[in-house]
Amino acid sequence: LPKLSLFPTILSPEPLAKMPVTFRRPRVAPPQPPSDIFPELDHTSAVVPDRRRPSAGRFFTNRCLCAIAACIYTSMVLSMHLSYLRDLSGSVHKGRMVLRHVKIRAVHSVHKIAARTPEEEKLGSEKMKEEGARVKEEQARKMKEEARGKEEERTKTETERREEEWMRRHYGRHLNPSDEDLGEDIHAAAPQNFSATGDDVETIDMRHLMQTLPFDDPDGGAWKQGWDVEARKGDLKVIVLPHSHSDPGRIETFEESYKVETKKILTTIYNALMKDDRRRFIWAEISLFERWWNDQSLDVQINIRTLVQAKRFEFVTGGWVMPDEANTNIYSLEVQMDEGRNWIEDHFGKEALPKYGWSIDPFGHSPTIPYLSKKRGMEGLLIQRVHYAVKKELAKRKHLEFMWRQVWDKEGEWDILTHV
């Protein structure tokens with residue numbers, strides 16, 4: 001809305017503030033009272049008041065007239081602006097009418113509800129009971145979730161405490177090896193030699209190798225990330241290990257992975273082994289094998305035991321899964337390994353426990369798995385996912401087979417044969 005002036009100039013071209021407050025009397029003699037009414041007055045000696053200043057009574061009269069004029073003036077201005085505002089607020093008045101109409105309809109609806117039949121009253125009561133039961137159920141569910149969250153937090157804290165205690169009991173000072181345990185200088189120009197069995201053995205310190213190795217990617221030819229391999233003359237002995245790797249719940253859930261892949265794989269392998277005595281097969285993930293085992297008949301289970309005893313079906317590593325080695329702590333690695341190996345021993349005997357580890361799919365390898373494998377009596381370990389530059393360097397030195405030693409092991413007590 002535009003700014004409104006309370007006293008706009010309408011009746012006079014001059015502002016109201018500049019208008020005179022009093023009025024000067026005309027220069028004429030005041031009217032004289034009739035002599036017949038006031039005979040005692042001497043009209044000839046009547047005093048004429050000072051014309052330059054009005055008397056108190058006339059001054060008051062002038063102020064009253066100004067006030068009345070101002071009120072009339074103000075009422076005229078306000079009536080004009082109110083008519084203007086009324087035109088602008090037509091939509092507001094319409095909205096008020098709509099709201100009033102809604103209120104009237106709501107009142108009628110209340111009266112209509114109040115006049116419900118007994119059947120309607122019963123139905124409404126049942127709905128209220130159902131709503132109350134639903135609210136109580138929701139409150140009970142929230143209380144259960146809160147209790148479950150507190151229990152999980154308590155269990156997590158207890159698990160962390162047990163893990164720390166277990167690691168301290170099993171590894172002691174090797175939890176945080178000092179610089180003395182890790183060797184002198186990992187950036188030495190040449191690897192250090194040590195004697196494990198009385199003979200000098202060349203040592204490859206992977207910490208030093210990773211710091212100095214150029215990670216370029218030249219085209220090697222036949223071996224794209226190596227060099228142009230040429231076949232040697234003479235007979236070549238090739239060893240093939242039929243194997244199938246299955247991830248229990250990588251993209252699909254565990255059950256989906258089993259039904260879509262593992263169930264068909266193990267059934268196919270079982271039928272192939274039963275048809276030809278020359279065939280062999282190895283398996284690593286015990287969690288998926290246990291799921292397939294439980295679905296088989298007694299005859300199939302007996303035949304599988306026969307194949308295991310004949311070394312035609314072998315377990316490798318024997319862990320519940322083939323674990324990640326980069327982010328998993330040692331406690332979790334050991335627990336899953338014992339879970340799978342205990343299942344093998346319970347169903348096939350101690351003689352069926354794996355003697356060799358099989359880690360072909362972890363994205364990188366840590367020294368923890370060799371340590372745990374050696375601790376469980378394994379004789380060797382096979383790894384696969386090594387950086388191409390490291391694999392090429394080891395191949396040049398003919399070091400794709402080596403004894404994997406822990407950095408804290410000075411005497412080689414925990415060395416294990418490893419093949420890349």
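**A walk through the predicted model**

The protein exposes about 30,600 Å², and carbon and sulfur atoms supply 56% of it (Shrake-Rupley method, 1.4 Å probe). This is a predicted model, where local features need pLDDT of at least 70, side-chain atom pairs count only at pLDDT 80 or more, and totals for chains, interfaces and linings use all residues. Residues are numbered from 1 along each chain as its sequence is written, and side-chain values use heavy atoms, leaving out hydrogens and water.

Trainee: Is Ser246 buried or exposed, and what is its relative accessible area?

Mentor: Helices here are DSSP runs of H or I with at least four residues, and strands are runs of E with at least two, numbered from the N terminus. Buried means under 20% relative accessible area, exposed over 50%, and partly exposed in between (1.4 Å probe, protein chains only). Ser246 is therefore buried, with a relative accessible area of 1%.

Trainee: Which residues does Ser246 touch, not counting those up to four places away in sequence?

Mentor: Happy to list them, with contact meaning heavy atoms within 4.5 Å. Leaving out residues up to four places away in sequence, Ser246 touches Thr262, Ile265, Trp283, Glu285 and Leu288.

Trainee: In β8, which residue is the bridge partner of Met403?

Mentor: Start with the open sheet of four strands, in the order β5-β6-β8-β7 with mixed pairing; two strands pair if DSSP finds at least two bridges between them. There, β7 and β8 (residues 416-419) pair in the antiparallel sense over four bridges. In β8, the partner of Met403 is Leu417.
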